[in-house]
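Trainee: Please take me closely through one part of this model, starting from a single residue. Then tie that part to its surroundings, with every cut-off spelled out.

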Amino acid sequence: MGHSAYKLIAVKIGSNVLTRRDGTLDITRMSALVDQVAELHRRGTGVILVSSGAVASGRSELKLSQQLDTVSARQLYSAVGQAKLINRYYELFRDHGIACGQVLTTKENFSTRRHYLNQKHCMEVMLENGVIPVVNENDTVSLTELMFTDNDELSGLIASMMDVQALVILSNIDGVYDGDPSLPGSSLIADIRQVEDAAAYITESRSSLGRGGMATKYRIATKVASEGIAVIIANGKRDNILLDLMDEDAQVPRTLFHPSQESASGVKKWIAHSEGFSKGVIHVNAGAAEAITAPARASLLPVGVTRVEGSFDDGDIVRVVNPEGNVIAWGRIGYDSATALATVGKRDEKPFIHSDYLYID
């Protein structure tokens, strides 16, 4: 058997992998995946699990006598289902002599650098002490506008935050196809590189149990790969899938997004995934737009700013917009909104956004 080149990976397990058609947990599949994670753990590969299945699990336990709105139902099902899901993981990993720990998070927890680093430290301590982190969105407190698109988005944030070597997204199909996977003649795209564009092949079809689809997976995969992390989309219902994917000699159907050779810094990785958390908008003139997007990557100076929108604090994430109204970058602002307004257009002031804290779209 070949060996894995990865020392730390994140594995996202989708709802359609962990649940049966009737919405109940597929304990057999779940057990098989835990067996594989335990084997990777034994070999020295660190694994972070991003697991769906809580809402579906809770739905299978409850027979409601009244109709609930979408948010209320999600909160109720996840409150019951998350307990059931993590308890099952706990028992399965315990059979291998391995401890697992639950990490529940929300989109808001990624919006500030302090909360972001707190989560990172928590999972680092778990991994250092041989504990498998099992991560999921805390749906009991997440409202619609604050939800992740799905756990694909969450897994991308986790992979980036923890600086893994690979993100494995397990779905119920083998990867990205050049057409509808259900139609004859469609072929699996085995490799996607930075210069290639498979976006035209992506459909918006969604899981019946989850919130996402292949379009979201593709968007997250390309962003994570651009940060120097390999991304693999594969079929989680295939036997031995994780061990085969980690075996360099094994031939297994999958789509591999090859990582960029230029790895981003930790803070830029945070900013790259923070566009949904931006607190303000910085409008710049053509000269400033050209300077910050040029290969030399200049800082954004007040003299190049034409207008400021929003209420934000020093250190918040803001969007940078060119004269045509297009977002060209996100960055960590060095002023609060009141000071920024008073500094627009001035010379000889500190940068609005230092180049170290600018992520170009």
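Mentor: Start with Ser15, which is found in helix H1 (residues 15-18). Helices (H or I, at least four residues) and strands (E, at least two) are DSSP runs, numbered from the N terminus. Ser15 has a relative accessible area of 11%, so it is buried. The scale: buried means under 20% relative accessible area, exposed over 50%, partly exposed in between, with a 1.4 Å probe and protein chains only. Ala54 is 39 residues from Ser15 in sequence, yet the two lie 8.5 Å apart in space, C-alpha to C-alpha.

Some ground rules. This is a predicted model: local features need pLDDT of at least 70, side-chain atom pairs count only at pLDDT 80 or more, and totals for chains, interfaces and linings use all residues. Residues are numbered from 1 along each chain as its sequence is written, and side-chain values use heavy atoms, with hydrogens and water left out.

pLDDT is the predictor's confidence in each residue, from 0 to 100. The chain has a mean of 86, and 89% of its residues reach 70 or more. Over residues 204-212 the value stays under 50. Where pLDDT is low, the predicted coordinates should not be read in detail.

Now the helix pair. Helix H2 (residues 27-43) packs against helix H4 (residues 70-94) at an angle of about 50°, with axes 10 Å apart. Axes are lines fitted to C-alpha atoms, for helices over the stretch in contact; angles run from 0 to 180 degrees between N-to-C directions. H2 and H4 are therefore oblique to each other. Under 35 degrees counts as roughly parallel, over 145 as roughly antiparallel, 65 to 115 as roughly perpendicular, and the rest as oblique. H2 supplies Ile27, Met30, Ser31, Val34 and Val37 to the contact; H4 supplies Leu85, Arg88, Tyr89, Leu92 and Phe93. Contact means heavy atoms within 4.5 Å.

Another buried residue is Asn235, at 12% relative accessibility. Its place is in strand E7 (residues 230-235). Asn235 touches Ser171, Asn172, Ile173, Asp174 and Ile241, not counting residues up to four places away in sequence.

Last, a sheet. Five strands form an open sheet in the order E10-E9-E11-E12-E13, with mixed pairing. Two strands pair if DSSP finds at least two bridges between them. The edge strands are E10 (305-310) and E13 (358-360).
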